[in-house]
Every structure is written in C-alpha cells, then in structure tokens.
Amino acid sequence: MNTLQPAHSLPVHSLDPRLEAGAQPEQAASQSADQTVDQTATREAEGPSAGDALFDAPEYAALPEDAQALVADAARDGEADASVLVDLHTLIRDLSFQMLPSPQQLASLSAVALQQSPEFQELSPADQRLLTEALDGRKPEDTALPGAIRSLISSPDFQESGDITAAERTAILSQVSNYPDTRAVENLEAMLGKEWVREFDLGDTQRAAKTVAFLSQYDAGDQEIISNTLALFLGDSAPYRFDFSENSAYGSVPFSPEDLFRINPQFIRADNNPVDTSARSSESGELRVIGHTFVHEVNHMQNWDRSLSLNSSYGFHEEYRAYWVGVKAQHGEDPSVADVIDRVAVFVNPGPGYSHLAQLLAAGGQDAQDIAGYLNTMLSRDDITIHNAVDEVNALVQMKKDSEDSGQPLPPELSRPAAVTIGPPGTNNVTNG
C-alpha cells in the first residue's frame, strides 16, 4: 500500500472509468447511483466494513459528485486492501482537506486515484517512487499533473512492448520526476507516439526525454518560441523530426532544408538526471544546446527559402535572425547588443565557419552594402559602412570585454536592444510558429 499523496490534482473525468468508456456525464451519474445502491445492498448482506465507514460517512456525502467519483475510483482499484479505504476515509475527514478549495480537494483525490490505478501498481517500486516524487513536486496551480501522468503510463506506447524497454520507461519517468509539470508529461507522451523516437536506443531516448521535458516547462525562456518549436516535432501532424547524428557543431540542418534536425550527442549526457543549468552549461553544454541550438536550427527550417543563396547577404540575415531567436528562447527576453555582438563579430571577421560572409563584406558590392545595412539595423545606428563595419563591430566587442573585466555597467551602445534584421519576404519568422 502506497502512502496517499493528498496535495495534487487532475481532471476528474480522466480518472473515472465510466467516462473513459465513453459515457456521458448524465449516464455516469446514473451508473454511479446504481453502483451506490449495489454497494449498499452488499454491505447490508456482509456486515460493516471499512467500505461502509467510508461510503456512509457524512464527509463522503458532503463531497460533490466529481469528488465522490474519484473516491469510488480509488476505492475500487484498491478494494483488495482495506487500508486503502481506511486511508481514504481518514483523508476526507481531515480538517485540512475539508478547508481546501474544491480544485485542491479534487487534486488530493486525483493523486490517490492515480496511485491506486492498475497502471501505477504494475510499475516497479523504483518507478513508482519517481512518480510519487513528481506528485510531491507539483506546483499547486498545476492541477492536471496526475491525470497527465496516468495518461502517459497507460498509453500503448509506454506499456511494455517490443518498442520500449524497462530502462527506457524509467528514463521517461525520471524526467517526469525531474520536471513535474503537466506540459512536460503531455509532451513526453506525444514524443513516445512518434515512430522515429521509438527507434532510438536507450542513450538517445534519455537525451530526447531530457530535451523535451526540460523545454516544455522552461519558463525562464521564451515559452512562445519554445512551444511552437516543440509542436513542430510533437504535434499530431508535426512536419519535423530530430536525431542525435551531428558530430561537429552543436546541431545542424541540411543546407537544403529537410525535415531532420541533427543534434550533437556529446553535448547532452545520456542519463536520467535533469539538465545541467550551470553558467558553463549555458555557454557550451546541455543548456546551450537544448535551450538555444534547438530553436535556432528550427528557425532556419521555418524560414529557409531554398531559392536564396547562403553565399549572399541573405546568409548574414538568416544566421543573425536564427541566433537572435535562440538567445531570446534561452533567456526569455529580446537580446541586447552585448548578447549578440560576439556572434556578429564571427560573421564579419575572417575565420572558420562564416568566412564567406567576411569575404562578401571585404569585396564590396551590393552584398556588402546589404550587410552594412543589417548592422545599422541591429545596432540602431546609421553610420556603419562597408569600410568601417569590421572596426566598429570589433570596437564593441572590446568595449564589452573592458566592461566585464572592470566590473562596470555596460555602456548604452551595448545595453540597448539588438534589433532583428528584416530580410526577403518569408524569411522573417522569429517565433517558429
């Protein structure tokens, strides 16, 4: 018998098997009344029991119908263990329970019903513990969490089959425990519904679960961008997929965009731990790849016009725009000049990665003029030319370093917002929607 967890909630009907079978609320209420008559007749025949005390209690009678249905659900699933009935009775008689608002009373009963469900009872003790930890970690306002958990563990793709191993189920539930949030659990269930995910080995399943669960609840980032990005992989008709086949950059998409985003596995550990959110990870680890690169590369996929050449000024626009979106997604606010200037310096200075952009700027011509115009837009200036662009960008990089080294506040040139460049029509999506 698992200790009842009284402080959690879910939509009532997701736990009521009469409604799960397709009955309308009126039918369910009628069936509940019939069951009550049957229970009364049985108790009269068999004599007093823990069930008698529970269902005859005035506290039970005082509950609204949806709460009574949850009590009956938990009692029915746990009927072989009289202690379940005793604990339910104790719970509804508790003054602290009775003082809770109705949604939180339902939360308590929903968590109990989850723990008494067959799907929960079939889990290993270790996996059960992961879910009770998730219930303990639920935010009070997240009343749907137990329902989302029950939906996940009862889904065909989670149940034991040839497509998912016991270790992979534990990997999924570990992220439920790490991120006890309805959004994370619902997206994990959606992820398991994708055939391309079910083809992952254990290590990549761990990486995928960590990525999806973390991003789903990452309120420190920009949730509009993040939610739009996840929907492109997890929605019912999602057009994209990802894997862990990149072996050089943090992540990549083909120059002629397809439906695949490739993530570098060396930056996301294959384990059941939460995402590393340290400052170092934010710069070059799990948080950078999951919080920034994921949405950055998808922004390319959402914008990339195949008729436009990356070996033109368009290449500057699309790289800057995607970087801008990635920074906003990771940090939750529009980037400042200081947030993007180091990256822009890579675009305009000779070196690996983006040397073609530096060559365009150095060569002069229309592409160079366009790049200078983009720099004026992002810096909110009008004095950048093809002749001073490199020097002005490098001066800002040095100004940033000097400010950081001295511990002084950033000057206005760096602290002002970095504007988004405007490119050809169809290439200006900054929400991944």
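At what angle do the axes of helix α6 and helix α8 cross? Select residues 82–93 for α6 and residues 102–116 for α8; their axes cross at roughly 170° and come within 12 Å. Angles over 145 degrees count as roughly antiparallel, and α6 and α8 are therefore roughly antiparallel to each other. This is a predicted model, and the tour continues with that in mind.

**The contact of α6 with α8**

Show side chains for Val84, Leu88, Leu91 and Ile92 in α6; these meet Leu109, Val112 and Gln116 in α8. Sorted by class, this contact has six nonpolar residues, one polar residue and no charged ones.

**Helix α22**

Next, select residues 365–379, which form helix α22. The helix has 15 residues, and from its first C-alpha to its last it reaches 21 Å, close to the 21 Å expected at 1.5 Å a residue. Colour its buried residues: Ala368, Ile371, Ala372, Tyr374, Leu375, Asn376, Met378 and Leu379. Just after α22, pick serine 380, where phi is positive, at about 55°.

**α19 against α22**

Keep α22 and α19 on screen and hide the rest. Their axes are 8 Å apart, and the two helices pack at an angle of about 25°. That makes α19 roughly parallel to α22. On the α19 side the contact is made by Ser313, Phe316, His317 and Tyr320. From α22 come Asp367, Asp370, Ile371, Tyr374, Leu375 and Met378. By class, the contact of α19 with α22 has six nonpolar, two polar and two charged residues. Ile371, Tyr374, Leu375 and Met378 are also among the buried residues of α22.

**Proline 254**

Move to the loop between β2 (251–252) and β3 (260–263) and select proline 254. Is this residue buried or exposed? Proline 254 has a relative accessible area of 14%; buried means under 20%, so proline 254 is buried. Setting aside neighbours within four places in sequence, its contacts are Leu260, Arg262 and Trp304. A distance drawn from its C-alpha atom to that of histidine 300, 46 residues apart along the chain, reads 9.8 Å.

**Where to be careful**

Finally, colour the chain by pLDDT. The mean is 88, and 88% of the residues reach 70 or more. Over residues 1–33, pLDDT stays under 50, and the model has 92 contacts beyond four places in sequence for them. Residues 39–47 are also below 50, with six contacts beyond near neighbours in sequence. Where pLDDT is low, the predicted coordinates should not be read in detail.

Technical notes: Residues numbered from 1 in each chain as written. Predicted model: local features only at pLDDT ≥ 70, side-chain atom pairs only at ≥ 80, totals over all residues. Heavy atoms only, no water. Helix = DSSP H or I, 4+ residues; strand = E, 2+ residues; numbered from the N terminus. Buried < 20%, exposed > 50% of the residue type's maximum accessible area, 1.4 Å probe, protein only. Contact = heavy atoms within 4.5 Å. Axes fitted to C-alpha atoms, helices over the stretch in contact; angles between N-to-C directions. Parallel < 35°, antiparallel > 145°, perpendicular 65-115°, else oblique. Nonpolar A, V, L, I, M, F, W, Y, C, P; charged D, E, K, R; others polar. Expected span 1.5 Å × (residues − 1). pLDDT = per-residue confidence, 0-100.
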